[in-house]
Structure formats: C-alpha cells, structure tokens
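User: I am new to this structure and would like a close look at one part of it. Please take the ligand site and the helices that follow in the chain.

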Amino acid sequence: MSSLAELLRPRAAVDLTKRPRRLRASPALRALVRENEVRLSSLVQPIFVADDGQTKGEITSMPGVFRFSVDGAAAEARELHALGIEAVLLFGIPDFKDSVASSAHDPGGVVQRAIRAIKSAVPETLIVADLCNCEYTDHGHCGILDERGDVDNDATLELLGRTALSYAEAGVDVIAPSDMMDGRIGYLRATLDASGYPNIPIMSYAVKFASGFYGPFRDAADSTPQFGDRRTYQMDPPNAREAVREALLDLDEGADVLMVKPALAYMDLIRAVREVSDVPVACYNVSGEYSMVKAAALNGWIDEDRVVDEILVSFVRAGADIIITYFAKDYARRRTDSRGR
Ligand code: PBG
C-alpha cells in the first residue's frame, strides 16, 4: 500500500517546469505582470437632473444614486472633478411631458440648464448628454408615435436633431443618442455639421439591447413605457452578428465612439466591436448591473469593493476604452483614499 503523499506525487510524465504560480507569489510581482488597469480618465458618471417639481433624493432601487437639482448637479460635477472623474453623462427628468417630447428641446429645459450650470461651475468637466425622448414623452416611448401606436422612425429623427442642437447651443461637449432609431447617427451628424457644430463628437449607443437590466433606471428617470415595450427599436438580446452590423452602420454614418449596452451580459460584443472597428469603444454598466451588486453587498453576501474592482477591469480586458458606470464616484473616492494612506 502506498501512502497518500506517494500517490499524489507527480509522475515523471507531468511537466512541472512550467509553473504559472511563480508569477503570483507577491503583490509586487502580481503588479509587475498585471495586464490591464482601470484609468479614472476612462470613467463616466451618469447624473440624473430633475426639474424643480420632481422629487430629489436617493433612488430607491439604486442605493447611493441621487436625483439632483440643476444646482445640485453642478455641485456634484465639482465633487467628481476633485476626485478625478472628469466626464459626466446627463439624464433629464422634466416636470412636463407630452406626446411629442416638447420639453426635450426647450432651451430652458432641465438638461440645457444643467449643461450651462456645470460648464460655469467646472469648465474642465466633459459633459456628455444622453439624447432620447423617453423621459420627455407621456407615453414613455423613445420617439413620436404614429396613428398605429408604433414609434415613427423618421419623425423621431427630426425631434432628435432639434434636441441635439439645443444641447449644442447650451455648450454640451458630446452627444450620446440612445434612442435606437435607424439612420440617426447620419442625420445628427449632418444636422450638427450644417448648424456650425462640426466638432461635437457623437457617442452612439450603437449596440443597445431591449434589456431587463434597465429596470432601476426607468424608476429613476420615470421613463417606463406606458404600454408595450421597446423591442421594436432596441435589439434582441440573442443577436451578435446583428450587433456588429449595427455598430458598423453607425461607424459608417459618422459615429465617433461606439457603445455597447448593457455591459456585463454582453462582454462578447464589447470584444467584437473592439475587433471590427478602430474608434474608441464604450460600454454602459447599466442600472440593473449596479443594483444587483448593491443589493448583494447590502445583504453582506459579497464584498462590494472587490466585486466592483473585478467588474470594472473586466470591461477593460474585454476591450472597452470608456466605461459609463454608477460606481465611478465611489471607485474614484476609494482610489484617492488608498493613495493618500
Ligand atoms: C434612454 C436610456 C435608457 C438607459 C439609458 N438611456 C433607458 C431605456 O432605454 O429604457 C438605461 C440606463 C441604465 O439602465 O442605467 N433610452
């Protein structure tokens, strides 16, 4: 009878000259061979800005995320800047909604005012404005409806163009259309160029799926469709070839940055878009992805900091250059704290 130790001893046939564990032996060695890293300059913090009549405060389904007033948004941008987060993505929550999203292109609208307030408070901060209609329509769809109740693609383009111009006039740095209408990138590029804004980049939500992960956002932005769903304009989750086609179409129409959204369940597509294009690729770590982590962490089931570190670097590993995430502020604060220690 041989002992357990003898049994477990490697046979001669096992090649143990290759020992990957050699490079994991110490923190310094692991740091030396580390392949990817999250840069604070790659992170974008979404900010919800509400008109006066809307309730401020924490969003129930997104612990740690707030609806800000216009002034509050400017103060938040200043805090973010001090922590090293220099880009924000604005979402408006208007007091007034109608069937044609009139308040989306109001020069005195909530996003237009927030752009001006942030620009004057922190001129260095890069302001990206989400461009969509669902927060501004009373029916909650991303465009104008035709008589059958379907979203009218071409009529919606005109509306998007008007809103994009009003953001440009307010001083926005980047426009991020998230509506998923066909041809919107080409239309918006032409509209901006013809109106004296050829230098405003378009960050296209190119690969955007009809996803259950947007649930908490719709609570936050009060943008749940009143009937039906978004499946006739947002993409069908099982489709990967179509995602590449959508990305290439937007590239062809003049998108400067291509985004994949959601991120965690669509990492294969972050990689795919990275490989078929040479523009910067963004991913959106959406509300449901944030809330899942928060809920588990608040229950003591996972270590939030570790999990967030893993998630953010996995986006970089997958090929993302830009990461839109509700964790940006916390993450930056943690990095700043540990450097100070
Ligand atoms: C607007 C828009 C949505 C999100 C970003 N822009 C909601 C949606 O498409 O229903 C979702 C962001 C998130 O879940 O964090 N169309």
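Analyst: A polar contact here is a pair of N or O atoms within 3.5 Å; within protein, one must be able to donate a hydrogen and the other to accept it, and residues adjacent in sequence count only if both atoms are side-chain atoms. The model is predicted, local features need pLDDT of at least 70, side-chain atom pairs count only at pLDDT 80 or more, and totals for chains, interfaces and linings use all residues. Residues are numbered from 1 along each chain as its sequence is written, and side-chain values use heavy atoms, with hydrogens and water left out.

Start with K261. An N or O atom in the K261 side chain sits 3.3 Å from a nitrogen atom of the ligand. S178 places a polar side-chain atom 3.4 Å from a ligand nitrogen atom. For Q234, a polar side-chain atom is 2.9 Å from an oxygen atom of the ligand. In total, 18 residues surround the ligand (a heavy atom within 4 Å). K208, R218, K261, S287 and Y326 are the closest.

The peptide bond that joins K261 to P262 is cis, with omega about -10°. Most peptide bonds are trans. P262 belongs to the loop between strand 8 (257-261) and helix 9. Helices (H or I, at least four residues) and strands (E, at least two) are DSSP runs, numbered from the N terminus.

Now helix 9 (residues 267-276) and helix 8 (residues 241-253). Their axes come within 10 Å and cross at roughly 45°. Axes are lines fitted to C-alpha atoms, for helices over the stretch in contact, and angles run from 0 to 180 degrees between N-to-C directions. Helix 8 and helix 9 are therefore oblique to each other. Angles under 35 degrees count as roughly parallel, over 145 as roughly antiparallel, 65 to 115 as roughly perpendicular and the rest as oblique. A243, V244, A247 and L248 of helix 8 make the contact (heavy atoms within 4.5 Å) with L269, A272, V273 and V276 of helix 9. By class, these are 8 nonpolar, no polar and no charged residues. Ala, Val, Leu, Ile, Met, Phe, Trp, Tyr, Cys and Pro count as nonpolar, Asp, Glu, Lys and Arg as charged, and the others, Gly among them, as polar.

Helix 9 also meets helix 11 (residues 304-318). The two axes come within 8 Å and cross at roughly 35°. M267, I270 and R271 of helix 9 touch S314, F315, R317 and A318 of helix 11. This contact holds 4 nonpolar, 1 polar and 2 charged residues.

Helix 11 has helix 10 (residues 287-298) as a partner too. Here the axes come within 10 Å and cross at roughly 155°. Helix 10 and helix 11 are therefore roughly antiparallel. V293, K294 and A297 of helix 10 meet E304, V307, V308 and I311 of helix 11. That contact divides into 5 nonpolar, no polar and 2 charged residues.
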